[in-house]
Amino acid sequence: MIDKQELLECSITNFIKFGSKRFSMNELASKLGISKKTIYKHFKTKDELVAKGVRLLTDKYLHEVDKIKKNNEDPLLKIILIKKTSFQYLNYFKPSFLYGIKKYYRNTDDFLKDFKVSFIENDLKPLFEEAIEKKYLRNNFNTDLFCDLFFTKIQYLVFEPKNLIEIYGEDVVFEHLILNNLRGFITSNYNDTNKLFS
């Protein structure tokens, strides 16, 4: 018998792959070898299933971010590793999935927007502030602007009007969008430039 966690993981994988609106509950039940009734014992609606699946992914992401923050002292290295992880998740979240969330699942879309804002305020900005305080970044570094451009709006830069990751590859896009822009603000007080940008 499939448990709730397996059901959730299978559903979100398929919603991402095929689109949350296109992949039906009948297809999910068939894929799992269970009845739709079994799915509805765990989740009242498809909306709830999509919402819980997205929360599962954000929880996994936050777990990875926590490991990065615990295992590194350098605030710039933390920022880069966190952003690299974000890029991997962004690449995993196909544009069609994100579009479907925005169009059909307003509550989940609102959750993702709130998640981004909270994450930037509570996790990223303190790291940038620490880097500025340590004089690793120039004084004119605008944390709000950098976060808006490369964290809040990143999916639009990467996916619209074409999917840059598919065309150039995740590493190349990451280097051009994040590393090169951050590199321009690094001061001579920062001694580990080679570690970050090698």
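# Figure legends

Figure 1. Thr85 touches Tyr61, Glu64 and Ile68, leaving aside residues up to four places away in sequence; contact means heavy atoms within 4.5 Å. The model is predicted, so local features need pLDDT of at least 70 and side-chain atom pairs count only at pLDDT 80 or more, while totals for chains, interfaces and linings use all residues. Residues are numbered from 1 along each chain as its sequence is written, and side-chain values use heavy atoms, with hydrogens and water left out. With a relative accessible area of 7%, Thr85 is buried. Buried stands for under 20% relative accessible area, exposed for over 50%, and partly exposed for values in between (1.4 Å probe, protein chains only).

**Figure 2. The protein chain as a whole.** The protein chain has 12 helices and zero strands. Of its 198 residues, 45% count as buried. The C-alpha trace spans about 60 × 35 × 30 Å along its principal axes. Among contacts between residues at least 6 apart in sequence, 70% join residues at least 24 apart. The mean pLDDT, the predictor's confidence in each residue on a scale from 0 to 100, is 90 for the chain, and 96% of the residues reach 70 or more. Confidence is highest in helix α4 (residues 46-71), at a mean of 95, and lowest in helix α12 (residues 193-197), at 61. Where pLDDT is low, the predicted coordinates should not be read in detail.

**Figure 3. Contact of helices α5 and α7.** The axes of the two helices come within 8 Å and cross at roughly 145°. Axes are lines fitted to C-alpha atoms, for helices over the stretch in contact, and angles run from 0 to 180 degrees between N-to-C directions. The crossing of α5 and α7 is left-handed; a crossing is left-handed if the near helix is turned anticlockwise from the far one by less than a right angle, and right-handed if clockwise. On the α5 side the contact is made by Pro75, Leu76, Lys78, Ile79 and Ile82, and on the α7 side by Phe119, Leu124, Leu127, Phe128, Glu130 and Ala131. The residues in this contact are nine nonpolar, no polar and two charged. Ala, Val, Leu, Ile, Met, Phe, Trp, Tyr, Cys and Pro count as nonpolar, Asp, Glu, Lys and Arg as charged, and the others, Gly among them, as polar.

**Figure 4. Ala131 in helix α7.** Ala131 belongs to helix α7 (residues 106-133) and is buried, with a relative accessible area of 0%. Not counting residues up to four places away in sequence, Ala131 touches Pro75, Leu76, Tyr136 and Leu137. Asp74 is 57 residues from Ala131 in sequence, and their C-alpha atoms are 8.2 Å apart.

**Figure 5. Contact of helices α5 and α11.** The axes of α5 (residues 75-92) and α11 (residues 170-183) come within 11 Å and cross at roughly 145°. This crossing is right-handed. Ile80, Lys83, Lys84, Phe87, Gln88 and Asn91 of α5 meet Glu170, Asp171, Val173, Phe174, Leu177, Ile178, Leu179 and Leu182 of α11. By class, the contact of α5 with α11 holds eight nonpolar, two polar and four charged residues.

**Figure 6. Buried and exposed residues of helix α2.** Met25, Leu28 and Ala29 of α2 (residues 25-32) are buried. Seen down the helix axis, the buried residues fall within an arc of 100°, so they line one face of α2; the arc is that of the directions from the helix axis to the C-beta atoms. Ser30 and Lys31, on the other side of α2, are exposed. Among the elements that cover the buried residues are α1 (4-18), α3 (36-42) and α4. Gly33 follows α2 and has a positive phi, near 70°.

Figure 7. Glu160 and Pro161 are joined by a cis peptide bond, with omega about 5°. Phi of Lys135 is near 65°, a positive value in a residue other than glycine. Lys135 counts as partly exposed, at 48% relative accessibility.

Key. Helices (H or I, at least four residues) and strands (E, at least two) are DSSP runs, numbered from the N terminus.
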